[in-house]
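Student: Hi! Could we go through this structure together?
Tutor: Happy to, ask away.

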Amino acid sequence: PDTRLNCLMLYDFHIHTSKYSACSLSSPEEMCLKAVEAGLTGIALTEHDVWWPAADLKRLQERFAELNILRGIEISCPEGHFLVFLPDPDNAKLPAWCSVLKLISTVHYHGGVVIWAHPFRFKKSRPLWLDRIRPDGMEVASSNMDQRAETMAEAAGIEVGKVISINELSQSSPIMARADYAEDAVKAEVP
């Protein structure tokens, strides 16, 4: 018999709150409660162009011990928006309003990860920069992406073979990210 422990890990890597992002109506506490109710393992707070202060994140994590809360940021570039995760954000200098090529190179230099947020939301064609440098992941479903954008993002994600991230917490649906792509998969199992 297979004695490996399989566990399901569901994360939403693209969360904004009213505390640091004007586009959100929900408080950090409301988003955490919603994530817990949805059965998520964790969330990433990725506010627009601002890192959550470590002390604020620590207080929120203490309040929601059952939820793994990650610290990220959504960076705006001329080419779009990108979710950035760094091992030590307080000691890494990221360039302001730069090309995605520079952003991804800088984040990788610091040992971080870049996920393309809501790709094809505004543009209807595959960007040329994707042939030169690739993000570590792509969001393929979001409450602010239409079906056309989701279809294009999913095709691009499959083509580049990257992590696919689905963000629908605002619609009360579980979210996840997975390193492998299976056409009908909706959950990520981690051995």
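Student: Is Trp97 buried or exposed?
Tutor: Trp97 counts as exposed, because its relative accessibility is 59%. Buried means under 20% relative accessible area, exposed over 50%, and partly exposed in between, with a 1.4 Å probe and protein chains only. This is a predicted model, where local features need pLDDT of at least 70, side-chain atom pairs count only at pLDDT 80 or more, and totals for chains, interfaces and linings use all residues. Residues are numbered from 1 along each chain as its sequence is written, and side-chain values use heavy atoms, leaving out hydrogens and water.

Student: Where does Trp97 sit, and what is its phi?
Tutor: Trp97 lies in the loop between β5 and α3 (100-109). Its phi is near 35°, a positive value in a residue other than glycine. Most residues other than glycine have a negative phi. Helices (H or I, at least four residues) and strands (E, at least two) are DSSP runs, numbered from the N terminus.

Student: And what about the phi of His118?
Tutor: His118 also has a positive phi, of about 30°, although it is not a glycine. His118 is in the loop between β6 and β7 (137-141), and it counts as buried because its relative accessible area is 6%.

Student: New topic: what is the mean pLDDT?
Tutor: The mean pLDDT of the protein is 82, and 81% of its residues reach 70 or more. pLDDT is the predictor's confidence in each residue, from 0 to 100.

Student: Where is confidence lowest, and where highest?
Tutor: Strand β10 (residues 189-190) is lowest at a mean of 31, and helix α2 (residues 54-63) is highest at 97. Over residues 170-191 the pLDDT is below 50, and this stretch has 52 contacts in the model beyond near neighbours in sequence. A contact means heavy atoms within 4.5 Å.

Student: Back to α2, then. Which of its residues are buried?
Tutor: Asp56, Leu57 and Leu60 are the buried residues of α2. They are on the same side of α2 because they cover an arc of only 95° around the axis; the arc is that of the directions from the helix axis to the C-beta atoms. On the other side of α2, Lys58, Arg59 and Glu62 are exposed.

Student: What do the buried ones pack against?
Tutor: The buried residues of α2 pack against α1 (28-37), β3 (42-48) and β4 (68-77).

Student: How many aromatic pairs are there?
Tutor: The count comes to seven aromatic pairs. Rings of Phe, Tyr and Trp (its six-membered ring) pair if their centres lie within 6.5 Å; planes under 30 degrees apart count as stacked, over 60 as edge-to-face and the rest as tilted. One of the pairs is Phe13 with Phe85, edge-to-face at 6.0 Å centre to centre, with 75° between the planes. Phe13 in strand β2 (residues 11-15) and Phe85 in strand β5 (residues 80-85) are 72 residues apart, so to speak linking distant parts of the chain. Both Phe13 and Phe85 are buried.

Student: Why is the Phe82 and Trp116 pair stacked?
Tutor: The Phe82 and Trp116 pair is stacked because the ring planes are at 15°, with the centres 6.3 Å apart. Phe82 is buried at 0% relative accessibility, and Trp116 is buried with a relative accessible area of 5%.

Student: Which residues do ring pairs link into a cluster?
Tutor: Phe82, Trp116, Phe120 and Trp129 are linked into a cluster by ring pairs.
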